[in-house]
Protein chains: 4
Amino acid sequence: MEKKIKVGVIGATGMVGQNYLRLLSYHPWFEVVFLAASPSSAGKKYIDAVAGRWHMSEDIPEEYRNIVVEDASNVSKAVGKCGIVFSAVEMDKKAIMALEEEYARRGFAVVSNNSAHRSTDDVPEINHGHLDIIPQQRKQRGWKEGLLVVKPNCSIQSYMLPLYALLKAGYRIDAMIVSTLQAVSGAGYPGPASIDIIDNVVPYIGGEEEKSEVEPARILGIIEGGRVIPDSSIKISAHCNRVAVSDGHIACCSIRFAGKKPSAEEIIGIWRNFSSLPQELKLPSAPVPPIIYRQEMDRPQPRTDRDAGNGMAITVGRLRPCNVFDYRFVGLHHNTVRGAAGGSILTAELLVAKGFVK
Amino acid sequence: MEKKIKVGVIGATGMVGQNYLRLLSYHPWFEVVFLAASPSSAGKKYIDAVAGRWHMSEDIPEEYRNIVVEDASNVSKAVGKCGIVFSAVEMDKKAIMALEEEYARRGFAVVSNNSAHRSTDDVPEINHGHLDIIPQQRKQRGWKEGLLVVKPNCSIQSYMLPLYALLKAGYRIDAMIVSTLQAVSGAGYPGPASIDIIDNVVPYIGGEEEKSEVEPARILGIIEGGRVIPDSSIKISAHCNRVAVSDGHIACCSIRFAGKKPSAEEIIGIWRNFSSLPQELKLPSAPVPPIIYRQEMDRPQPRTDRDAGNGMAITVGRLRPCNVFDYRFVGLHHNTVRGAAGGSILTAELLVAKGFVK
Amino acid sequence: MEKKIKVGVIGATGMVGQNYLRLLSYHPWFEVVFLAASPSSAGKKYIDAVAGRWHMSEDIPEEYRNIVVEDASNVSKAVGKCGIVFSAVEMDKKAIMALEEEYARRGFAVVSNNSAHRSTDDVPEINHGHLDIIPQQRKQRGWKEGLLVVKPNCSIQSYMLPLYALLKAGYRIDAMIVSTLQAVSGAGYPGPASIDIIDNVVPYIGGEEEKSEVEPARILGIIEGGRVIPDSSIKISAHCNRVAVSDGHIACCSIRFAGKKPSAEEIIGIWRNFSSLPQELKLPSAPVPPIIYRQEMDRPQPRTDRDAGNGMAITVGRLRPCNVFDYRFVGLHHNTVRGAAGGSILTAELLVAKGFVK
Amino acid sequence: MEKKIKVGVIGATGMVGQNYLRLLSYHPWFEVVFLAASPSSAGKKYIDAVAGRWHMSEDIPEEYRNIVVEDASNVSKAVGKCGIVFSAVEMDKKAIMALEEEYARRGFAVVSNNSAHRSTDDVPEINHGHLDIIPQQRKQRGWKEGLLVVKPNCSIQSYMLPLYALLKAGYRIDAMIVSTLQAVSGAGYPGPASIDIIDNVVPYIGGEEEKSEVEPARILGIIEGGRVIPDSSIKISAHCNRVAVSDGHIACCSIRFAGKKPSAEEIIGIWRNFSSLPQELKLPSAPVPPIIYRQEMDRPQPRTDRDAGNGMAITVGRLRPCNVFDYRFVGLHHNTVRGAAGGSILTAELLVAKGFVK
């Protein structure tokens, strides 16, 4: 890529926004030129706007420090500056939708973390084909060049790719019971109070089980008549727990096949050989391989596996027969990279590769 | 009880032994008069034998401090001193079995934590009837007054009582998929290295899933011809995880009924009204009620619920429909009280109440 | 005490308020009859007002559940109901001061946690004599029966009693350098975000070092002309750290004596024999002994020692020579009991015993 | 460096050995060609010898997996293969000394972590001149080409460089009182039991305070007559605590100057501009800058600062006046990188740069 594509981050001072900036620093295709946040940050240099609230382990990358933050609600400020806008704004869901649609209307490719959108959830390795509804989206909404895509909920990432790899190999799965052990960073900042997490587990995360059960159907859905028809063939039951882990969601999965069942060796082979469009297109953020299978009997673990593939790979282990269903396994992914900003950046790369953004 | 029953603890210096001593301090029926451990502790006062290795939050109870510790392998030392021996010896499983059988042969009622025994696992609220095989056990082994009973694995306690209450109410369950989040104290001392648990989850506990799947059948089994015939009607699949919690095991359960299904209200009613022989006999360690159902959507949690009923109650919450099976719920118990020493003491109380120990 | 003294808690729905209620349940002298909080809670039963925000390990005590919460700013509601008001209101410091003074003006004995007050900080074992300025306080403020006393900052409790015991024994200390390792509950609820505490230490607590250095002088001060003259003879330098502990503050202290120096044996003897007016008056919350010295080389520790003396004792250990000053030691106390609600209740008991409250 | 220097690691299967291998992977100067461990590992491929005991976050680097592990006690096996041996053997101290001396006698440059050695402790930025006693060491011991250098205890690294920078700038310090909050990895593997660290602090680390007080004098010592004369001008008193942190030791320091005192600005300037021989020689592992001063009021923290300078930099913050001494500050370093294997590798680089290893 000779010349970098200019991008913006709205909601740039929050924790998700910071993750975007961290991951976009030195990105081979994208150059962050526009930062916006709430009115109270507007007019300040980024380093001042975020002072005392920078939560990343690495320092604020040099290139952002002196960018003057704009008011995110003032869409005009972004016009002419960038083509893609990563949205990490924190407002009530309706306000986010309205703002993001305004950006799309004004011609921006908006990549959003907002779960309120009805549009498709994108996991580039799985439903890259869903991006093909963008022309229809533009037509319906009357957008000329703008578009809006949404990343799915982080909790499902530990198993969606492993499940999809099996489906793609021709097997059918009709049920999964899954328990997740989710990191505190999944709740944003500040997230759970430390007094609630030290020496404790909270076996409840508001709205998470519902999303874990519903979103997979949308992601696996097919396009008909310009919209995504959910595929509900896998019934999912999710138990979501919050544990004392900083980053890295674990999913303990029991799955049942419909029809023929692969052997364990076959499953591991399918996972290890899995590759998809992002890998074929050599997208910069696409992990190679996307799925890592670990032989050790006590893996994956958050500390040792969350950073695999620069935080973009899914690590799977402990494949073994299930006494009730067919197989059990453990999946893990990095919830603030693969499950959040990193996943969105991969989607943006796919938008570029598919020609939806110039 | 006018006069207390004299009891001994072998393996008294280890962590399980310490738990026994803590719980037996001021017990209304039992008086600890005999402490034994490895040869290296023999001849020392208990306070000196355990120096630097006492892991309980409360101090060593006064009454044990000056008891001179005996060599546990020298069974003669216990003869004439006590009738019940709680065994928490830490050796290889075969050696434990041999030693405990020797104590039984010499006339002691041995209550053991050793998973190697083939005999029944006792959960007093469930299979109190299993104690009726003791006459047969004595006959087969040629023991006159001795006997040997074993407490089951701690991981299953969070769901066995809730499941049993439903069975007792006339419902049949044919499948359960369960994920446990288990406390580090369940691994004994020292248990997991802190570097492996800080900011981490270990999705594997050696042998735990197998025990979680097999022991329930034995506990629910019926007696025929003087021995326990396992009841394998509930197929169980367990995923066992170690988490950064000191005490308190959580189980996330999805269950399927065979035949008629109770309503959620009915299930909660069954749990809340559940009572069993230990409660009817008013055994000192029997929790009243044995099952606590919490309405709050984020309970049970280890910190807030493990000490319910002095650590002997099972706390259940989050009963809700399951997308795949019929219902989901979360169970919790205190693994070193209900799941270990406390459960064994309750069994010993039942042995006394049933007249097996004088 | 034949008839219990009626008391109220304002700010009853917050975490400190909850701690008051937990500790006052079944108090032998006090009966909670009045609960007040913000307008949004007013008119609701306590159990409803606090729903989803009850953070104690034990359940809401039965006796409070149906008390209708009043608006704390409406002082008239309390008049005629109770004589003592424990204040745990959470507003800005000026507003708290104004409200508490209004309660005092209306005749209540107000026991406050608000660090904004200029009046004395009370540690009943140390400066019980400071309560003798109450007549002067009443005169200056024009209060007839009301009064206002304040509990000191929690961080200092781990060393104030040990230091005072040495002063009372006739020794003089002129310098202390102390590092504290403080529990997250000291920051109130929600306190630190769990992402900031997991696998981490925060070597800074806003305002804590200043309080740790200034308050001791007030507590050790003498009364002259109806007011407390600070005693600044001990220069204190404090380093305050937040660590991943739920409850229990540790202080690592190096102290220098002025003039003669006691031997280590002498110091331990002074601590072990220390007793003060609350103990002599047998106040219900006075720990006996107030200072516990542990011989084990690795004590005190939060988990094992915070609950000593029902959370009201100070545990000290590791007394040893200091290479730079004279001695080093480690002190520990339970910050939400001794260091907060429990300390205030002890002060209220002393007010009763001294006849300031009828 | 055209051709890499061949090195070996003895004790290669333990945790410190693993850290060496991790840090030496792709080292620009060194190539690991020799791995040795206990007899039970001898003859196995490294990947098999370390199976189930690899504790690093990253996988075993490819280049080591198939190296056949030798018996470390068989020094002949190393002869002719490598010139430098990093020693991380875990035996009793005397046995380690004997073995390491045997390697030195046979001509190897031995870089050791063993605190039992009487020889100098090397912090390359401070006492690089101490290496000049190597000719004397060789002469005394009768070693021709071999030599033996030792890395100092990890606890002191958080403050030694900041103190030394001030001394080098011409100031004199005569006293420091320091409290450390040390990570569990500092205790090796397995280190503290998780039950002792969850929701807890252990205010004691065996031998650590003594080392923290004694080693600085050796490091700051001068060479006279071919040996290091300790410089005890700084009296140090250390309080060492173990906290629930994986990696990264914090030190809270109060220091007193003798003679003239620098201003705070001056101190920060000295730290920021500090550079030493390893930086001048551009040694591959030398951090640039070696000392990082953070302005944020709540830094340094283990999670955010331990990896600064690839884990080799010392991060300092919170410089402020001390009420008792002159200044207070907080220092932090990565105890298993700078404080262990990384520090030793830097020393080895200095040995090469100074011509002691060919």
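Me: Let's start with helix 9 of chain A: which residues are exposed on its other side, and what makes them "exposed"?
Reply: They are Glu265(A) and Asn273(A). The word applies when 12 or fewer other C-beta atoms lie within 10 Å of a residue's own. Bear in mind that this is a predicted model.

Me: Which residues of helix 9 of chain A are buried? And why can they be said to share a side?
Reply: Helix 9 runs over residues 264-273, and its buried residues are Ile267(A), Ile270(A) and Trp271(A). They cover an arc of only 95° around the axis, so they sit on the same side of helix 9 of chain A.

Me: What do those buried residues pack against?
Reply: Their partners in chain A are helix 7 (157-168), strand 12 (291-294), strand 13 (314-321) and strand 14.

Me: How many domains does chain A have, and where do they touch?
Reply: The domain assignment gives domain 1 (5-153 + 340-353) and domain 2 (155-334). Their centres, taken over C-alpha atoms, are separated by 25 Å. In the contact, 27 residues of domain 1 meet 27 residues of domain 2. On the domain 1 side, helix 5 (124-127) and helix 12 (337-353) of chain A give two or more residues each. Helix 12 of chain A gives the most, with six residues. By class, that side divides into twelve nonpolar, eleven polar and four charged residues.

Me: How many residues does chain A use to touch chain B? And which element supplies the largest share?
Reply: The contact takes 35 residues from chain A and 35 from chain B. Several elements of chain A supply at least two residues each, among them strand 7 (172-182) and strand 11 (249-258). The largest share, five residues, comes from strand 10 of chain A. By class, this side of chain A has 19 nonpolar, nine polar and seven charged residues.

Me: How many residues meet where chain C touches chain A?
Reply: Each chain gives 14 residues to that contact. On the chain C side, nine are nonpolar, four polar and one charged.

Me: Why is Arg303(C) called buried?
Reply: The cut-off is 20 or more other C-beta atoms within 10 Å. Arg303(C) has 23, so the label applies. Arg303(C) lies in helix 12 (residues 302-305) of chain C.

Me: What does Arg303(C) touch?
Reply: Leaving out residues up to four places away in sequence, Arg303(C) touches Ser57(B), Asp199(D) and Asn200(D). A contact requires C-beta atoms within 7 Å.

Me: Which residues have the most contacts inside the largest nonpolar core?
Reply: That core has 471 residues, and the residues with the most contacts inside it include Ile84(A), Ile291(B) and Ile84(C). Beyond residues up to four places away in sequence, Ile84(C) touches several others, including Ile5(C), Phe108(C) and Val357(C).

Conventions: Residues numbered from 1 in each chain as written. Chains lettered and ligands numbered in written order. Predicted model: local features only at pLDDT ≥ 70, side-chain atom pairs only at ≥ 80, totals over all residues. Contact = placed C-beta atoms within 7 Å. Helix = DSSP H or I, 4+ residues; strand = E, 2+ residues; numbered from the N terminus. Nonpolar A, V, L, I, M, F, W, Y, C, P; charged D, E, K, R; others polar. Arc of directions from axis to C-beta. Domains from an automatic or database assignment. Core = buried A, V, L, I, M, F, W, Y, C linked by C-beta atoms within 7 Å.
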